[in-house]
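Hi everyone, thanks for making the time. Have a look at the structure on the screen, and I'll talk you through it.

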Amino acid sequence: MGFALFGERGWDANTAPMNPAACPRAPTNPNPRRPGRRRRIALIAACSGLLGLVPRAAGQTVVALPPPSDLKKLSVDELMDINVTSVSLHSEKLSEAASAIQVITADDIASSTATSIPEALRLASNLEVAQIDSRQWAISARGFNNLFADKMLVLIDGRSVYTPLYAGVYWDVQDTIMEDIDRIEVISGPGATQWGANAVNGVINISTKTAMETQGGLVVAGGGSELEDSEEVRYGGKLAPGVDYRVYAKYFDRGDSVLPNGSAAGDAWRMGQTGFRLDSDAAEGTWLTLQGDFYDGSVTRQGPEDIHMSGGNLLGRWTRTFDDNSDMVAQVYYDETYRKIPNSFTQSLNTYDFDFKYRLPIGKVNDFTWGLGYRLEDDDITNTPAEAFLPSQATEQTFNTFVQDEITLVDDRLHLTLGTKFEEYSFTGDEFEPSARAAWTPSGDQTVWAAVSRAVRVPSRIDLDLYEPATPPYRQAGGPGVVSEKLIAYELGYRKQLSSAVALSLATYYNDYSDLRGLEPLNPPAAFPVQVDSGLRGKSSGAELAADWRISRVWRLHGGWTEMRVGSSPEPGSTDRVANRSIALDPNHQVQLRSLLDLSAQWQFDTDLRYVGPIANQRVPGYTEMDQRLAWRPVPAWEFSLNGQNLLHDYHAEFNPPGSRREIGRSIFGKAAWRF
Amino acid sequence: MALLTSIWRSAILRVARWLFALALLHAAAAQAAAPPPEYQLKAIFLFNFAQFVEWPPRATGGEQEPFVIGVLGDDPFGPYLDETVKGEKIGNHPMVVRRYRRAEEVGDCNVLFISRSESDRMGQIIAAFRGRSVLTVGDVDDFNRVGGIVRFVTEQGKIRLRIDVKAAQAAGLTISSKLLRSATLVTAEDK
């Protein structure tokens with residue numbers, strides 16, 4: 001788990017009470033690169049009030065470190081996250097101190113059995129992560145989970161991977177070398193003010209390491225029962241002083257999921273990916289990043305032809321820090337995805353995106369950020385008789401502006417963040433997403449925070465343009481009148497460091513949704529045909545508790561407990577009976593326990609235990625599962641591990657009603673890694 | 001009466017002036033006493049190395065023998081390092097800090113930080129410790145190249161470690177994989 005709460009086998013900023021003003025971090029949003037790689041602890045330490053910013057003459061700031069007695073409690077990785085300079089790029093976001101954030105660190109991933117990004121996301125206890133079949137996942141925070149969980153925004157190195165076709169994420173093509181992931185921030189709760197539309201229930205922000213941090217060679221090979229074989233190769237070097245690069249390639253074959261009767265589901269798949277990243281800090285105060293990925297893969301189907309997916313992206317980012325502690329970030333990227341699902345549709349999507357952000361601290365009280373962005377998404381569908389997106393080609397343009405002020409009301413004690421995003425959509429018009437967040441730190445070891453925010457999910461093509469079948473009479477018709485889904489969210493949270501070894505974090509929320517996507521019968525009382533509309537309301541409430549207990553230098557425990565109640569109802573005048581029963585497919589309870597144990601300097605033994613409650617309206621039973629890993633590092637260059645996932649059952653169900661269900665089998669695999 | 005008042009006033013003024021000067025001095029002294037954050041953090045790392053490195057038994061000596069963190073050359077840490085190790089023990093060995101002007105003065109020592117002031121003769125100094133179980137630590141650019149074991153590098157304001165495992169092995173030291181995992185591994189040939 002690497003909860004946000006806890007840093008690597010350590011402690012993490014977020015459980016630790018924060019003094020947000022003081023945390024050296026980088027601007028989160030659209031530039032999660034190294035300078036911006038705000039790793040947990042900078043925070044942690046920083047934030048636990050450990051770190052204070054001591055104002056000096058001329059508005060210059062100097063980081064004051066906590067006393068040695070506090071620093072000695074941090075792990076080596078945590079120490080490495082503390083920034084010893086006053087570069088504003090590393091300043092903490094106040095807005096995040098007042099939010100439910102959990103951070104999965106590189107070390108969390110390294111000490112888990114995770115071989116993919118969705119598997120790593122199981123480590124965040126504030127997420128619902130359900131594996132649907134061999135390659136598809138339902139991942140969301142705070143309810144309304146589904147194959148296309150349309151209320152979670154997901155970014156990889158500042159690039160949105162939320163698809164505007166289906167309003168969700170194709171998890172099967174979001175990949176990289178697991179060892180190159182620097183951190184995954186999981187924010188449950190709305191992040192729209194900063195991140196924009198679709199960050200309704202949460203944001204998953206994945207950052208990879210800089211090229212500077214991935215110098216040298218890495219070869220990882222593994223194989224076993226579900227992950228049949230997997231190879232990764234990466235090499236990093238220097239092009240010039242201050243200019244570093246890495247290149248990588250990976251390939252894997254993954255086996256079938258399981259039908260409820262125990263036979264193989266015939267959905268094995270394979271994927272190859274290659275990419276590069278180039279970072280330069282050669283010029284003083286400037287950081288440049290250029291990176292790209294290309295992938296190609298296919299999925300076996302019970303049918304004539306395999307599903308085929310491929311794509312690529314190229315991203316450039318320029319970050320400039322000025323002497324007055326202000327900084328700016330400009331980012332541009334191009335992303336191309338292609339997916340052919342025989343007998344269903346073929347999609348080709350090209351995205352062009354530009355973002356700019358400028359942060360300017362004014363005096364000691366105000367820390368002001370503004371930004372703007374433009375995105376063009378060109379989506380071209382080849383339809384089949386079974387279903388059709390009409391029109392088949394669509395181009396959407398989005399323009400957004402964003403302002404935010406982080407206000408220090410009482411030094412080290414009371415902070416308020418006010419901000420709003422304004423977005424202009426060519427499909428649906430204008431959206432306004434304001435929020436107010438406050439963090440109160442009554443004493444150095446505890447923080448109380450509260451927030452009220454508005455967020456929207458803008459309609460996607462699946463809402464507006466999808467018709468089944470492709471020609472009238474339609475059984476399901478698109479909804480040209482669909483409007484944005486809206487959320488008003490109320491959040492209240494508390495973090496407390498109980499002792500030097502135990503830290504707790506609690507986040508609670510009440511969410512009030514309106515204009516949720518529904519299916520309105522066109523000739524009631526007949527259930528079909530239906531048309532997509534915005535006829536549902538929803539409410540949810542819940543609590544996310546996470547704890548970190550550092551029993552000794554060699555043994556740490558992390559725990560997470562999430563309670564959630566989600567419901568929907570037709571708005572007055574709606575006769576929806578179909579969508580209302582199926583838009584909230586969420587377990588009421590989830591419990592996690594993670595043990596990280598260093599048996600000796602060479603041996604590690606890690607265990608993840610999770611309980612997920614039943615999903616009543618899909619008749620998915622509750623289940624308990626366990627992952628374990630035993631790793632041996634005889635010499636620094638070599639690591640061998642034996643990994644087991646879902647060890648408690650031969651196979652178990654995580655999602656979907658019995659008729660369309662695929663179950664998830666036990667997976668055992670070995671892995672060897674060589675660094676040179 | 002007026003005279004008394006005026007004497008009284010001037011006395012107060014004089015005292016105030018002195019206090020002000022003292023306060024300034026105090027502030028300046030406090031400033032000087034606290035090393036820059038970079039060296040505060042490096043001091044904590046030196047303390048941590050003691051936890052993650054295994055010395056051969058002969059190097060740590062008998063019971064109650066101190067575990068020595070040495071600083072050779074100009075001391076960038078000041079009292080901060082002493083405060084860091086105060087009351088700490090490695091097994092039965094109480095940790096102490098010792099400062100040396102010259103390499104020849106270094107006696108029993110487990111972790112030795114070699115200061116920038118010794119840049120010019122870094123190679124000779126490190127060569128002098130060859131065959132002794134001393135974890136050499138430094139932050140000059142060519143520290144690893146001249147045979148030093150752990151080099152601090154500051155990247156993007158954060159402290160990184162470059163560790164030469166071969167040099168550590170030659171010194172009879174075993175570095176925990178936990179520390180190595182967080183470090184960049186180098187050999188003397190790599191730059």
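I'll go from confidence to folds, and then to the interface.

First, some housekeeping. This is a predicted model, where local features need pLDDT of at least 70, side-chain atom pairs count only at pLDDT 80 or more, and totals for chains, interfaces and linings use all residues. Residues are numbered from 1 along each chain as its sequence is written, while chains are lettered from A and ligands numbered from 1 in the order in which they are written.

How confident is the predictor about chain A? Its mean pLDDT, the predictor's confidence in each residue from 0 to 100, is 85, and 88% of the residues reach 70 or more. Residues 1-63 of chain A have pLDDT below 50, yet this stretch has 267 contacts in the model beyond near neighbours in sequence. A contact here means that the C-beta atoms of two residues, placed from the backbone, lie within 7 Å. Residues 86-95 of chain A are also below 50, with 49 such contacts.

Now the make-up of chain A. There are nine helices and 38 strands in it; these are DSSP runs numbered from the N terminus, with H or I over at least four residues for helices and E over at least two for strands. Of its 676 residues, 56% count as buried, meaning that 20 or more other C-beta atoms, placed from the backbone, lie within 10 Å of a residue's own. Among contacts between residues at least 6 apart in sequence, 65% join residues at least 24 apart.

One open sheet in chain A has five strands in the order E3-E10-E11-E6-E7, with mixed pairing. Strand E3 (100-105) and strand E7 (159-160) of chain A each have a single partner strand, so one side of each lacks a neighbour in the sheet. Pairing, by the way, requires at least two bridges found by DSSP. Strand E6 (residues 152-156) of chain A pairs with E7(A) in the antiparallel sense over two bridges, and A:Ile156 stands opposite A:Arg159.

A residue I'd like you to click on is A:Arg246, in strand E14 (residues 243-254) of chain A. Is A:Arg246 buried or exposed? It is buried, because 27 other C-beta atoms lie within 10 Å.

Over to chain B. Here eight strands make an open sheet in the order E3-E4-E2-E5-E6-E7-E8-E10, again with mixed pairing. Its edge strands are E3 (89-90) and E10 (184-186) of chain B. Strand E8 (residues 158-164) of chain B pairs with E10(B) in the parallel sense over three bridges, and B:Arg162 stands opposite B:Thr184.

What about helix H2 (residues 37-52) of chain B? Of its 16 residues, 12 are buried, among them B:Tyr39, B:Lys42 and B:Phe45. At 1.5 Å a residue, H2(B) should span 22 Å, and its end C-alpha atoms are 23 Å apart, which agrees; the expected span is 1.5 Å times one less than the number of residues.

Finally, the interface. In it, 27 residues of chain A contact 29 residues of chain B. Helix H2 (68-71) and helix H3 (76-80) of chain A each supply at least two residues of chain A's side, and H3(A) gives the largest share, four residues.

Thanks, and questions are welcome!
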